[in-house]
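Reader: Could you take me through this model, starting with what surrounds the ligand?

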Amino acid sequence: MAGTLSLKECAARLGVHYMTAYRYVRLGRLPATKVGVEWRVLSIDLEALLAVAAEPPSRGGVDWSARLEDRLLAGDVGGAWAVVEAALASGLAPMGIHVDLLAPALGRIGAGWYDGDISISEEHRATAVATKIVGRLGMRFSPRGRRRGRIVIGTPPGERHSLSVAVVADLIRGAGWEVIELGVDLPIDEFMFAVEKSAPVAAIAVSVGASENLGAARDLITAVKGSIMAPVVIGGSAIDATTSAGLGADGWASDGRAAIKAIAALGGGSSSS
Ligand code: B12
């Protein structure tokens, strides 16, 4: 079609990943018409978007999360880290990178996978980049000084969303707690062994990403409650307020910032070291 471009051509002109250009279409930022199996964009509409993109972004007006998502989807480790560094330089705290940039970016990628717009391999590639970002940023969450108490964090058996545990563990550590980080997919008796060895424990944090692990989460919480006098705080993609109550948890939070508050409210602030 004369005067039109494919989405791939638009992505190249905009300097973004194909999936980002596709997201612009879905969000209505880039008008497009489907012709057969292909999206076509009027040159005039692309020029209009390019003109907006060329405007110098105000410091607070940059969509860092979208930029990070774009680099994650491109499998670009260096580019993703550059976005993180630029966001930090603009004044965002490391907690903001985790809670406001990375988690929403991965959330959108997960939604894209669910809708069939993003393949499993693209999601895995993005997650591989995110894992490196989390590893590198982790060093920023180790405040000096006396700890507020000890928190054990892990998942029920079967759970594989290790990135969520790593992120929330960092945030809790950054808030001044000593964190015993058990990763994912630990048998319940091993989890309990670690909890008992870590006594005294101010709170247990349990992350559940997939609903298929809710039964195992209930078993884990029952085991914890039957053994030690520490509150259980729960969170993750598979959890909301109702699920949390049904599983017997003492508290829950929908994101990392609220997680810190929930842990402080339930775990107190006594020092164990
Ligand atoms: C990456 C990913 C994977 C990777 C994980 C790799 C890894 N090493 O971590 C892999 C490919 C292994 C995977 C597998 C699966 N996944 Co997956 N995955 C994701 C994805 C895209 C990102 C997860 C992530 O790391 N997010 C970044 C973290 C930081 O964000 P977060 O988890 O939301 O955590 C925040 C809050 O939830 C909260 N929080 C998290 N934990 C805790 C704990 C406590 C105590 C508190 C208070 C708060 C809290 O604070 C965090 C920071 O704000 C999500 C999409 C999404 N919405 O998140 C899907 C998603 C979680 N996965 C999903 C599914 C369905 C699966 C599979 C079942 C797919 C399949 N059929 O195989 C399997 C399940 C595997 C298993 N048994 O656990 C669904 C879950 C839906 C549901 N309710 O069940 C999601 C939501 C995708 C979707 N939109 O459908 N996945």
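Author: Helices (H or I, at least four residues) and strands (E, at least two) are DSSP runs, numbered from the N terminus. This is a predicted model, in which local features need pLDDT of at least 70, side-chain atom pairs count only at pLDDT 80 or more, and totals for chains, interfaces and linings use all residues. Residues are numbered from 1 along each chain as its sequence is written.

Reader: OK, which helix gives the largest share of the shell around the ligand?

Author: That is α6, with nine residues; α6 spans 94-115.

Reader: And which residues come nearest to the ligand?

Author: Of the 40 residues around the ligand, G110, S164, G235, G256 and A259 come nearest, where a residue counts as near if its C-beta atom, placed from the backbone, lies within 6 Å of the molecule.

Reader: Where does the ligand shell lie relative to the domains?

Author: It lies between domain 2 (57-141) and domain 3 (143-267), because both give residues to it; the bounds come from an automatic or database domain assignment.

Reader: Switching topic, how do α5 and α7 pack?

Author: Helix α5 (residues 77-89) and α7 pack at an angle of about 45°, with their axes 10 Å apart, the axes being lines fitted to C-alpha atoms over the stretch in contact and angles running from 0 to 180 degrees between N-to-C directions. They are therefore oblique to each other, since angles under 35 degrees count as roughly parallel, over 145 as roughly antiparallel, 65 to 115 as roughly perpendicular and the rest as oblique.

Reader: Which residues of α5 make that contact?

Author: On α5 they are V77, A80, W81 and V84, with contact meaning C-beta atoms, placed from the backbone, within 7 Å.

Key
Contact = placed C-beta atoms within 7 Å.
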